[in-house]
Each structure stands twice: as structure tokens, then as C-alpha cells.
Amino acid sequence: MIAGGVGGACLWTSIFPADVIKSRVQIQGLSASMLSVGMDIARKEGFLALYSGLTPTICRTIPATAVLFLVYEYTKKFLYQYI
């Protein structure tokens, strides 16, 4: 479970800037490239704006991925016993 929680937190921390850029492009209907939108966000709002909203995502993802790993492992053990 710990590995799942840490893995989920690492995943979202690494991909969160791309998710923020994607959301801005979708909401504002921009036609610029993701790189130029990301650079614009960092220039106007600061680099940390790319991580705005990360805390709730991490709070959601740690228990979700921890349980996912636990269920996966027990399901795998169960299926190997009966198949």
C-alpha cells in the first residue's frame, strides 16, 4: 500500500504541469501549443502556478492508488489459486 501511495504521488507530481496546461487550453479555448501555454503561465504567474491545485490531487491519489495496489495484489493471489 505504501508503494502504491508513493507511486501515485510521484506520478501526479511529475505530470501535473501538463494537466494544468491541458485544463487551461480546454477552458480558455486556446489554439497555441502546450509548450507556449506552459511558458506563458510560468512567465505571467510564476513557475509554481503549474502546480496550483496539486495538494487536493495528492490527497485523493495516495489512498486511491494504495487501495488499487492492495486490491490488485489480492486479486492476483486469488486468481492464481483457482486458475
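1. Basis of the note. The model is a predicted one, in which local features need pLDDT of at least 70 and side-chain atom pairs count only at pLDDT 80 or more, while totals for chains, interfaces and linings use all residues. Residues are numbered from 1 along each chain as its sequence is written, and side-chain values use heavy atoms, with hydrogens and water left out.

2. Length of helix 2. Helices here are DSSP runs (H or I, at least four residues), numbered from the N terminus. Helix 2 covers residues 34-45, and its 12 residues should span 16 Å at 1.5 Å a residue, which agrees with the 16 Å between its end C-alpha atoms; the expected span is taken as 1.5 Å times one less than the number of residues. After the helix comes Gly46, which has a positive phi, near 95°.

3. The structure holds four salt bridges, each defined as a side-chain nitrogen of Lys or Arg within 4 Å of a carboxyl oxygen of Asp or Glu. One of them joins Lys44 to Asp40, with the closest N and O atoms 3.4 Å apart, and both residues lie in helix 2, four residues apart, or about one turn of the helix. Lys44 is exposed at 65% relative accessibility, whereas Asp40, at 31%, is partly exposed. As a general point, an α-helix has 3.6 residues a turn, so residues three or four places apart point the same way.

4. Lys22 forms a salt bridge with Asp19, and the closest N and O atoms are 3.5 Å apart. Because Lys22 and Asp19 are three residues apart in helix 1, about one helical turn separates them. Lys22 is partly exposed at 36% relative accessibility, and Asp19 is partly exposed as well, at 24%.

5. Lys76, which is placed in helix 3 (residues 54-82), forms a salt bridge with Glu73, the closest N and O atoms being 3.7 Å apart. The two residues are three apart in helix 3, about one turn of the helix; Lys76 has a relative accessible area of 30% and is partly exposed, and Glu73, at 34%, is partly exposed too. From Ile41, 35 residues apart from it along the chain, Lys76 is separated by 44 Å between C-alpha atoms.

6. Nonpolar patch. Met1, Val67, Leu70, Val71 and Tyr74 form a nonpolar patch on the surface, with about 490 Å² of accessible area together. Such a patch is made of residues with over 30% relative accessible area and no salt bridge, with nonpolar side chains (Val, Leu, Ile, Met, Phe, Trp, Tyr) joined within 5 Å, and the areas come from the Shrake-Rupley method with a 1.4 Å probe. Tyr74 lies in helix 3 and is exposed, with a relative accessible area of 55%.

Definitions and conventions. Patch = residues over 30% accessible without salt bridge, like charges linked within 9 Å, V, L, I, M, F, W, Y side chains within 5 Å. Buried < 20%, exposed > 50% of the residue type's maximum accessible area, 1.4 Å probe, protein only.
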